[in-house]
Amino acid sequence: MEQKLKREPLGKGFYLYVNKNHTFGTDAVLLSNFATAKPKDKMVDLGTGCGIIPLLMLRDGLLSSAVGVDISEEAISLAQKTKEELNIDRFTAINCDLKVLKGKVEFGCHTLVTCNPPYKAPNAGLKNPNERLRVARHEVECTLRDIVEVSAKLLQTGGRLCMCHRPERLSELMRIMSECRVEPKRLRLVCQRKGEEPWLVLIEGKRCSKTGLRIEPTLYVEEDGSFSKEMIEIYGAYKEAYL
């Protein structure tokens, strides 16, 4: 059954198409902000879904080029529809399994790779009966190692991999990054409010870099019952689209 499309405003004249199966959450917005993209960055977004992360960056005048990769044909059709309507020539949406990306996206030349991956290991917890949601939440189509390995191949020396994940898998993620020569360099925890355990971790690694990890101040989503000042700044133009 064809899913009903919704046009989600992002501010500054940008929007993107979403549907019930392919939308986005706070973690994608936070990752886009954490990645600190630059105007000259050549980026690849793995598991791009509807394309939220590259589109937020492009909205802000960042990136020389952006490639969004997703195994879901439905997700890529949403990203492609947005690209065509907004006439974004710096964005390419590719329907492909990231494990066979060679020859479809150039290796060894990108300065930034981002990924908001499935958070649950293959055998962790009950799997959603909806196949699209199951792929988005469990590592049924790719593993953490698959993601980091292909990221290392995509990046030039000194290029950055930025990811978000659940804190309970941080040690596993950092070990895999180091083994793939994408050295963890920057880390930030995200808590809903002060006094609570973190629900998200943001991490940046650099290809073929020396060791040395910087831990940034914790990001608090809420403050006094509403969005914190920093969260309001992060949401920026996206929040203003609804005012």
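Reply: Welcome! The protein chain has an accessible surface of about 12,000 Å², and 49% of that belongs to carbon and sulfur atoms (areas come from the Shrake-Rupley method with a 1.4 Å probe; for residues, only the protein chains shown count as cover). This is a predicted model, in which local features need pLDDT of at least 70 and side-chain atom pairs count only at pLDDT 80 or more, while totals for chains, interfaces and linings use all residues. Residues are numbered from 1 along each chain as its sequence is written, and side-chain values use heavy atoms, with hydrogens and water left out.

The mean pLDDT (the predictor's confidence in each residue, from 0 to 100) of the protein chain is 91, with 89% of its residues at 70 or more.

The protein chain has seven helices and 13 strands. These are DSSP runs numbered from the N terminus, with helices being H or I of at least four residues and strands being E of at least two. Of the 243 residues, 50% are buried, where buried means under 20% relative accessible area, exposed over 50% and partly exposed in between (1.4 Å probe, protein chains only).

Now for our part, strand S9, which covers residues 200-207. Seven of its eight residues are buried, so S9 is largely enclosed by the rest of the structure.

Which strands pair with S9? Two strands pair if DSSP finds at least two bridges between them. To find these pairings on the model, look for Val-201 in S9, the bridge partner of His-165, and for Leu-202 in S9, which stands opposite Arg-188. In a regular strand the side chains alternate between the two faces of the sheet.

Met-177 lies in helix H6 (residues 170-179) and is buried, at 0% relative accessibility.
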